[in-house]
Amino acid sequence: MKTKPDLSFWKLWNLSFGFFGVQIAYALQSANVSRIFTTIGADPHDLSYFWVLPPLMGLIVQPIVGMMSDRTWNRFGRRLPYLIIGALIAVVVMCLLPNAGSFHLSISSAIIFGLIALMMLDTSINMAMQPFKMLVGDMVNEKQKGLAYSIQSFLCNAGPIVGYIFPFLLMWIGIKNTAPSGVVPDTVIWSFYIGAAILLICVIYSLIKVKEWPPEVYNEYNGVSGTKEKGDANVIRLLRNAPSTFWTVGLVQFFCWFAFLFLWTYCTNTVAFNAFSTPTVETVSGISVNGKVYTGKYLILNGNKIIVNHGKATEELQAIAKESFTLTSADIASTNSDGTIEVNDADTWNIPAGAECHFEKTTVLDASSQQYNNAGNWVGLLYAVQALGSVVWAVMLPRFRNRKFSYSLSLLLGAAGFIMTAFFTNKYMLFIAFVLIGCAWAAMLAWPFTILTNSLKKGNIGAYLGLFNCTICLPQIIAAIVGGWILGILHSPGDIAPEYLMMAIAGISLIIGAVCVIFIKEKSVEDVKPEETPAISENI
């Protein structure tokens with residue numbers, strides 16, 4: 001096997017530069033998805049369900065791209081074809097997602113549109129992300145891997161910082177930060193437009209500057225015989241033969257990514273409620289008739305009066321209830337030009353005259369208020385502070401003699417940050433909380449893949465890295481499914497949902513993850529060359 005040649009700094013830079021644009025797209029998604037869905041009318045109890053899609057797409061896409069790219073050879077290269085497809089889809093969807101509330105759709109239709117756009121965006125981000133992680137392993141020798149991963153780590157943190165602060169900067173230069181009820185503000189919409197443009201530029205730059213080795217050259221430098229690298233495509237066999245670190249680190253990963261899903265889901269509303277005194281509005285969640293509650297996306301009285309779920313309550317119901325009337329609950333409803341209403345997936349009941357009727361009301365944050373949108377921009381700043389804290393702490397991590405101790409300590413610091421976020425009411429004090437959260441983030445990005453890659457053999461690295469992403473995706477899927485249920489248990493009917501308590505639960509999850517670090521068995525730090533330690537971003 002021939003030794004891979006040394007690459008200049010700028011060639012190493014070019015291998016990872018596209019990560020900058022991909023991470024901007026990821027940052028805009030993670031910081032603004034809950035804000036977008038809240039704005040277009042989603043119930044706070046449903047927010048976590050929307051977050052099922054990103055990790056689900058990662059669970060499906062990452063292993064497939066990892067294994068397929070191990071075996072792909074064509075005129076565009078081995079890894080780059082997946083970058084091209086993923087990036088082009090991401091650019092288009094980034095221009096559509098923030099406009100979910102701008103197409104004059106009903107609340108349910110806007111949410112469905114947003115969900116489809118979110119699914120496509122995360123799929124494309126995952127597809128575009130994988131090639132950059134693998135190009136370093138393909139083309140960089142062991143001596144330069146430390147520098148290559150350092151460059152990649154820098155770009156992975158610089159991209160999110162830029163993406164996180166876009167809405168705040170655009171507001172600062174005068175872009176409108178409020179919009180009519182149900183419409184996403186221009187600061188968010190234009191942030192996605194600019195992010196899409198930067199992603200496109202980064203991808204074009206990568207395609208021009210990066211030239212993958214042809215199969216015969218790759219084989220010479222990586223000790224592979226034949227035209228393709230030999231690897232195991234049987235997922236069951238790969239999992240059965242996985243090193244023990246795959247499973248023990250995966251256990252820690254479960255509690256870490258469970259916690260961070262709650263951060264992305266509930267942070268905006270927590271900060272808006274605690275630190276920005278966002279006003280609340282009373283909304284209709286259903287109609288109670290003689291003690292029985294009827295709910296639906298649309299509640300229609302006498303076939304001609306639509307009361308939108310989460311629309312402001314009126315007092316007309318009591319007047320209507322003096323006579324008999326029909327009540328229709330529909331998931332889909334539309335008003336024709338002549339004023340008639342068409343419904344799908346609907347049930348209708350005849351309500352007798354004089355029935356005891358009243359609205360079931362829910363209190364939610366006013367997502368169209370100036371305070372809420374200021375809080376949304378502030379959360380972007382907090383995420384940027386988290387990224388900066390992560391960069392600084394990542395420099396400190398190698399200085400610890402005991403890697404497991406530094407891993408556990410980092411998660412405990414992050415847990416403290418989560419709990420502070422749950423209860424701090426001063427927006428500036430939240431900077432401290434997010435610096436601590438950044439410590440946990442740095443360890444989550446560096447140590448799991450360091451420990452795993454040091455235990456892997458050549459031939460199935462791409463497949464194992466793809467499968468290891470399941471330890472990131474599955475806990476997020478579980479957190480998204482149970483999040484609304486947990487919030488429902490904590491929620492008193494009629495009061496505003498206590499989303500700040502979900503942040504405290506996330507902190508407890510990180511504490512459990514810190515304890516689980518003791519189960520990891522790995523090589524001692526002295527057995528691992530520092531230059532082979534990757535510290536790459538693994539954002540799903």
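Predicted model: local features only at pLDDT ≥ 70, side-chain atom pairs only at ≥ 80, totals over all residues.

User: Switching to packing, at what angle do H2 and H6 pack?
Analyst: Helix H2, residues 18-39, packs against helix H6, residues 107-139, at an angle of about 155°, and their axes are 10 Å apart. H2 is therefore roughly antiparallel to H6, since angles over 145 degrees count that way.

User: Which hand does the crossing have?
Analyst: The crossing in which H2 passes H6 is left-handed.

User: Which residues in H2 and H6 meet there?
Analyst: From H2 the contact includes Phe 19, Val 22, Tyr 26, Val 33 and Phe 37, while the H6 side includes Ile 111, Leu 115, Leu 118, Ile 125 and Phe 132. Gly 18 and Gln 29 of H2 also take part, as do Asp 122 and Lys 133 of H6. Sorted by class, the contact of H2 with H6 has 14 nonpolar, four polar and two charged residues.

User: OK, new topic: is Thr 187 buried or exposed?
Analyst: Thr 187, which lies in helix H8, residues 186-209, has a relative accessible area of 0%, so it is buried.

User: What does Thr 187 touch?
Analyst: Leaving aside residues up to four places away in sequence, Thr 187 touches Arg 35, Pro 167, Leu 170, Met 171, Ile 175, Lys 176, Asn 177 and Asn 377.

User: Now the backbone, what is phi of Ser 277?
Analyst: Phi of Ser 277 is near 50°, which is a positive value in a residue other than glycine. Most residues other than glycine have a negative phi.

User: Where is Ser 277 found, and is it buried or exposed?
Analyst: Ser 277 is found in the loop between helix H11, residues 244-275, and strand E1, residues 280-289. With a relative accessible area of 59%, Ser 277 is exposed, because the cut-off for that class is over 50%.

User: And what about phi of Asn 290?
Analyst: Phi of Asn 290 is also positive, near 50°, and Asn 290 has its place in the loop between E1 and strand E2, residues 292-294.

Conventions. Residues numbered from 1 in each chain as written. Heavy atoms only, no water. Helix = DSSP H or I, 4+ residues; strand = E, 2+ residues; numbered from the N terminus. Buried < 20%, exposed > 50% of the residue type's maximum accessible area, 1.4 Å probe, protein only. Axes fitted to C-alpha atoms, helices over the stretch in contact; angles between N-to-C directions. Parallel < 35°, antiparallel > 145°, perpendicular 65-115°, else oblique. Left-handed = near helix turned anticlockwise from the far one by under 90°. Contact = heavy atoms within 4.5 Å. Nonpolar A, V, L, I, M, F, W, Y, C, P; charged D, E, K, R; others polar.
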